[in-house]
Amino acid sequence: CSRAPGEPSMSNVNVPHLLLSRHRWRWPEIAFWLAAFACLLMPSKHLILNEIAILALFALSLDLILGYAGIVSLGHAAFLGAGAYIAGLFAIHVSGDPLLGLLAAAAACGVLGFITSFLVLRGSDLTRLMITLGVALLLGEIANRAAWLTGGADGLQGITMDPLLGLFNFDLYGRTAFTYSLVVLFVLFLLARRLIHSPFGHSLTAIRDNPLRAAAVGIPVKRRLIAIYTFAAIYAGIAGALLTQTTQFVGLDVLSFQRSADVMLVVIIGGAGYLYGGLIGALGFKFLQDWLSALTPQYWHFWIGLILVALVLIGRDRPRRLLHSVQKYVTNRWQSLTGSKAAGSSTGGA
């Protein structure tokens, strides 16, 4: 497995102990999630925070295949749109229970991801780009033509959701919606974090770095890629279901190329191959979009593109090294302070 910055070489460390230490929670992670749940106490901004949580889950699903498995996709919105329509149709024709709709969307997108994974694994990266894009465009055209089922260009309307857990109604201010989306995001993040730090996750990074070498050491490359592609499709489908349930509307734009391009941009901004990259990228992208569109409504795309160019020129490793240095400094200072206090108390007691 790859060595993180500041870690000793693999010849000088116990590998199982190193993998276990990587799985432990660190204070920046705890602070991140405490800040996220503290946003529930904010009196406003719940609507945009709900959008950020859904976009973060969508970006996390793309990062699982792009950052960890090396599968490039330009049509990841196919699963977002499929989950959105399945959740909407389920609410109209079967049940308005949000959790049941979430499970239905996850199951349907898992099947769709499993079927399309065999097409994606054929050929090179350019072939995968065209296949993923083609799948999204095909689903978008089907949704447009089947207006009797999906509403076509007018969108799927008449969606009514039951109270969450039978207790919490979806209010106009978005408080219930944001709480719901944030909890789902956190639970799925825990599952993804456990998966990435497992032997399965390390085999994915080995496949991403060198698939021929991974196959030579006995890793079932195709089965691993099919599994992670299906897993990512389920995550994207759940994000689409959350979008439908919290807005109670589905339009053809959920299957558009713009959705796939936006989530790719989010992952690039936050950093691929880093679980928090999609979350941080979604936060930065949404707030930049909200701020820049209010500042320059016609040219906000220009400024986001300029920021993206700056990120490419600066490089991804420099901010990571800076963050790691700050984390290491704070940890060392905390250990020295606690150590000095313990020494002082023992001296006083003596």
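This is a predicted model: local features need pLDDT of at least 70, side-chain atom pairs count only at pLDDT 80 or more; totals for chains, interfaces and linings use all residues.
1. Arg145 has a relative accessible area of 67% and is exposed.

2. What does the side chain of Arg145 meet in a salt bridge? The partner is Glu141, and the N to O distance is 2.9 Å. Both residues belong to helix 6, which covers residues 125–145. Glu141 and Arg145 are four residues apart, about one turn of the helix.

3. How many salt bridges does the count come to? It comes to five salt bridges.

4. A second salt bridge joins Glu51 and Lys286, whose closest N and O atoms are 3.1 Å apart. Glu51 sits in helix 3 (residues 46–66) and Lys286 in helix 13 (residues 275–295), so this pair ties together parts that are 235 residues apart in sequence. Is Lys286 buried or exposed? Lys286 is buried, with a relative accessible area of 16%. Lys286 falls in this class because 16% is under the 20% cut-off for buried residues.

5. Arg259 has a relative accessible area of 28% and is partly exposed. Asp253 is also partly exposed, with a value of 38%.

6. The next point concerns two helices. Helix 5 (residues 98–120) and helix 11 (residues 221–247) have axes that come within 7 Å and cross at roughly 145°. The crossing of helix 5 and helix 11 is right-handed. Which classes of residue make up the contact between helix 5 and helix 11? It has 15 nonpolar residues, eight polar residues and no charged residues.

7. Two residues of helix 11 deserve a look. Ile226 is placed in helix 11 and counts as buried, at 12% relative accessibility. The C-alpha atoms of Ile226 and Leu121 are separated by 7.9 Å, although the two residues are 105 residues apart along the chain. Tyr235 also has its place in helix 11. With a relative accessible area of 2%, Tyr235 is buried. Tyr235 and Phe79 are 156 residues apart along the chain, and their C-alpha atoms are separated by 8.6 Å.

8. Where is Arg122 found? Arg122 is in the loop between helix 5 and helix 6. This residue is exposed, with a relative accessible area of 59%. Arg122 and Lys222 are 100 residues apart in sequence, while the distance in space, C-alpha to C-alpha, is 10.0 Å.

9. Gln248 is not a glycine, yet it has a positive phi of about 60°. Its place is the loop between helix 11 and helix 12 (257–270). Is Gln248 buried or partly exposed? Gln248 is partly exposed, with a relative accessible area of 29%.

10. Ser293 is found in helix 13, the helix that also holds Lys286. At 26% relative accessibility, Ser293 counts as partly exposed. Ser293 and Trp303 are 10 residues apart along the chain, and their C-alpha atoms are separated by 9.8 Å.

11. The last point is about the surface. Which residues form a nonpolar patch there? They are Trp25, Ile30, Leu34 and Leu190, and together they have about 370 Å² of accessible area. One of them, Leu34, has its place in helix 2 (residues 27–38). Leu34 counts as exposed, at 59% relative accessibility.

Terms used
Residues are numbered from 1 along each chain as its sequence is written. Side-chain values use heavy atoms; hydrogens and water are left out. Patches are made of residues with over 30% relative accessible area and no salt bridge: like charges are joined within 9 Å, nonpolar side chains (Val, Leu, Ile, Met, Phe, Trp, Tyr) within 5 Å. Accessible areas come from the Shrake-Rupley method with a 1.4 Å probe; for residues, only the protein chains shown count as cover. A salt bridge is a side-chain nitrogen of Lys or Arg within 4 Å of a carboxyl oxygen of Asp or Glu. Buried means under 20% relative accessible area, exposed over 50%, partly exposed in between (1.4 Å probe, protein chains only). Axes are lines fitted to C-alpha atoms, for helices over the stretch in contact, and angles run from 0 to 180 degrees between N-to-C directions. A crossing is left-handed if the near helix is turned anticlockwise from the far one by less than a right angle, and right-handed if clockwise. Ala, Val, Leu, Ile, Met, Phe, Trp, Tyr, Cys and Pro count as nonpolar, Asp, Glu, Lys and Arg as charged, and the others, Gly among them, as polar.
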